[in-house]
Structure formats: C-alpha cells, structure tokens
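I opened this entry to record what I looked up in the model. My notes follow in the order I took them.

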Amino acid sequence: MSVVTGKVDRWLWAALALGIAAALVPIWVPRFLPLLDFPNHLAEIAIWNRYHDAAWGYQRYYALGFAPVPYWFYYASVHVISFVAPLEVANKIFLSLYAAAVPLSVLAAAVRFGRSPWLSILSLPFIFNYSFAFGFLTCAAGMPLFFFGLVLVDRLLERVTLGRALAVFAITFTIYFTHVFAWLTFGLCAAALVLLNAGAIVNALTAALAMLPSLLFAAWNFRFASKHGLIAAHAPHWVTREQTLDLLIRDLPQRLILRWPGHAAFWVLVLLLVTWLVV
C-alpha cells in the first residue's frame with residue numbers, strides 16, 4: 001500500500017512538518033531541559049566520552065561497564081552523535097529524531113493497517129508524554145520503534161523474505177535496548193498479530209522465530225544482570241501514595257501526556273479520542 005498521494009496528502013505532510021517543527025521549539029530553545037532523570041543519563045554518557053581523558057580524571061572514580069542491558073540504544077546513539085557535535089547538541093539531535101519519529105511511526109502504522117493517515121496528527125501531543133517529562137528518554141524512544149516494529153512484523157506475515165525476517169529480528173532487539181517495558185508491549189502486540197495470521201503457518205512461524213532470539217536473550221540478560229548486581233536487591237523506600245487501581249486510572253491522563261493544570265489533560269485526551277474515532 002502506498003503511503004500517501006494527491007493534493008490532500010500534501011496538506012497532511014505540511015501539517016506534520018508544522019507539528020514536528022512546533023515540537024522542536026521546547027527542545028532547542030532552552031539550554032537545560034527540566035527532565036527529572038535526564039541529567040543522570042547525560043552525565044553517564046559524558047563520563048563515557050571523556051573516560052580516557054586524564055584531565056577529567058574519571059578513571060579514578062569510575063569503571064566502564066559494557067554489559068548488554070537496556071538503555072544502550074539511547075546511550076550509544078548520543079555517544080556516536082557526539083563525535084560530530086557537542087554532547088548537549090548531540091542529545092538534542094537524538095530528541096529531535098524521536099519527536100519526528102512519533103507521528104511518522106503512527107503514519108506508517110495507520111497506512112499499513114488500513115486506517116486514515118491523518119490519525120498521525122493526533123499523535124503529536126504524545127511526544128511530550130509522562131516518560132519524556134520524567135527524563136525516561138530510553139522508554140520514550142521505544143514508543144515510535146513500537147509502531148515501526150508492528151509494521152515490519154505485519155509485512156513479514158504478508159510475505160516471507162530474508163530481508164523482512166532480518167528487519168523484524170533487528171527491530172525486536174533495538175526495542176529491547178530502549179526499554180524492557182517498550183519491548184514487552186511490542187512483544188504482546190506482535191504475538192497477537194502472529195496469532196491472527198496463524199492460518200499462514202510458514203509466515204507465522206517465520207515471524208515468531210525472528211522474534212524468539214530477543215526473548216531468549218532477555219531471559220539470559222536478566223540472570224546476567226542479577227548475578228552481577230546490575231539489578232538492585234533492595235529498592236529504597238519512597239514516601240508515596242498507594243498505587244491502587246482507581247488511583248492509577250485517575251492518573252492515566254497525566255501518564256499519557258504532560259501534567260497540565262486542573263483537568264486539562266483529561267479533556268485533551270477525550271478530544272483526541274473522539275477525533276480519532278471520527279476520522
């Protein structure tokens with residue numbers, strides 16, 4: 001299925017370009033982004049970048065660890081980009097690519113699964129979501145990869161080729177190295193797609209086998225992380241509210257998009273949902 005064509009589609013591309021440009025403004029205008037975990041992540045990449053520079057002296061306090069655990073997609077991407085740009089700029093380039101990928105991934109999924117491409121416009125508010133606000137940038141980066149991954153799985157289920165199988169294999173591992181939650185969500189939805197196409201046995205088995213290595217790797221990786229103390233044995237006791245089901249439901253709007261004053265987030269989500277259903 002072709003992506004989009006014709007006059008109306010040019011308006012769609014224009015609207016997407018405008019929306020993405022608007023999303024880049026709060027990323028690039030301030031030097032320091034007020035994201036909770038963000039400084040910790042950037043500091044770790046900075047230590048990696050300057051580890052062998054005696055002037056910084058990081059070798060006296062840190063040891064480089066290259067254990068194959070999630071977060072590597074974000075860390076390695078910013079590390080590589082920082083070869084051609086200052087670290088803070090490299091990070092903003094990564095965030096810009098993420099911001100553009102969110103609506104483009106929804107566009108690809110909408111076209112692939114026979115929905116209106118204009119639904120991609122409604123994904124723009126979700127660029128600045130709960131994970132982004134708290135600086136969980138690795139988890140946020142998994143969101144567009146989730147949609148791209150489902151597109152690749154569906155293409156493989158449609159017709160088996162070596163290239164499509166390798167693409168599913170690669171995207172599954174890439175999502176794993178963003179965040180485990182993104183990988184688990186993708187795995188559940190991809191499994192549902194495979195079951196829906198179980199009638200085409202060869203295609204379904206090929207898709208399952210292309211994703212199976214990441215599951216085996218995750219099982220080994222969890223044991224490896226536990227054995228080497230990469231998973232905390234005793235979490236700190238935080239002073240927080242009891243996370244009951246009704247509280248989680250009430251907090252859902254703020255967990256999907258940034259926390260806005262009053263009940264604004266709830267009504268924005270209602271508007272987006274109604275518009276989604278109408279389109």
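**A buried aspartate**

I began with Asp-154, which is buried because its relative accessible area of 14% falls under the 20% limit. I keep in mind that this is a predicted model. I then looked up where Asp-154 sits, and the place is helix H6. What does Asp-154 touch, not counting residues up to four places away in sequence? I found Arg-112, Phe-113 and Leu-193. I also checked Arg-164, which is 10 residues from Asp-154 along the chain. The C-alpha atoms of the two are separated by 9.7 Å.

**The chain as a whole**

Next I stepped back to the fold. I counted 11 helices and zero strands in the protein chain. From the N terminus on, I therefore read every element as α, in the order α-α-α-α-α-α-α-α-α-α-α. The chain has 279 residues, and buried ones make up 41% of them. I looked up contact range as well. Of the contacts with a separation of 6 or more, 71% are between residues 24 or more positions apart.

**The nonpolar core**

I asked which residues have the most contacts inside the largest nonpolar core. They are Tyr-74, Ile-127, Phe-132, Val-153 and Phe-186, in a core of 53 residues. I then listed the elements that give two or more residues to this core: H1 (7-28), H2 (38-49), H3 (72-81), H4 (87-112), H6 (137-158), H7 (162-176), H8 (180-196) and H9 (201-227). H6 gives the most, with nine residues.

I followed Val-153 further. I left aside its neighbours within four places in sequence. Val-153 is then in contact with Val-168, Phe-186, Ala-190, Leu-193 and Met-211. Leu-193 was already in my notes, as a residue that Asp-154 touches.

**H8 against H9**

How do H8 and H9 cross? I noted that their axes come within 11 Å and cross at roughly 160 degrees. That angle is over 145, so I put H8 and H9 down as roughly antiparallel to each other. The crossing in which H8 passes H9 is left-handed. From H8, I listed Trp-183, Phe-186, Ala-190 and Val-194. In H9 they meet Ala-204, Ala-207, Met-211, Ser-214, Leu-215 and Ala-218. I sorted the residues of this contact into nine nonpolar, one polar and no charged. Phe-186, Ala-190 and Met-211 were also on my list for Val-153.

**H2 against H4**

I logged the crossing as right-handed. In H2, the residues are Phe-38, Leu-42, Ile-45, Ala-46 and Asn-49. They meet Leu-87, Glu-88 and Asn-91 in H4. This contact divides into five nonpolar residues, two polar and one charged.

**A loop residue**

My last stop was Tyr-71, in the loop between H2 and H3. Is Tyr-71 buried, exposed or partly exposed? I have Tyr-71 as partly exposed, because a relative accessible area of 31% lies between the 20% and 50% limits. I checked its backbone too. Phi of Tyr-71 is near 95 degrees, a positive value in a residue other than glycine.

Note on methods
Residues numbered from 1 in each chain as written. Predicted model: local features only at pLDDT ≥ 70, side-chain atom pairs only at ≥ 80, totals over all residues. Heavy atoms only, no water. Core = buried A, V, L, I, M, F, W, Y, C linked by side-chain atoms within 4.5 Å. Buried < 20%, exposed > 50% of the residue type's maximum accessible area, 1.4 Å probe, protein only. Helix = DSSP H or I, 4+ residues; strand = E, 2+ residues; numbered from the N terminus. Contact = heavy atoms within 4.5 Å. Left-handed = near helix turned anticlockwise from the far one by under 90°. Nonpolar A, V, L, I, M, F, W, Y, C, P; charged D, E, K, R; others polar. Axes fitted to C-alpha atoms, helices over the stretch in contact; angles between N-to-C directions. Parallel < 35°, antiparallel > 145°, perpendicular 65-115°, else oblique.
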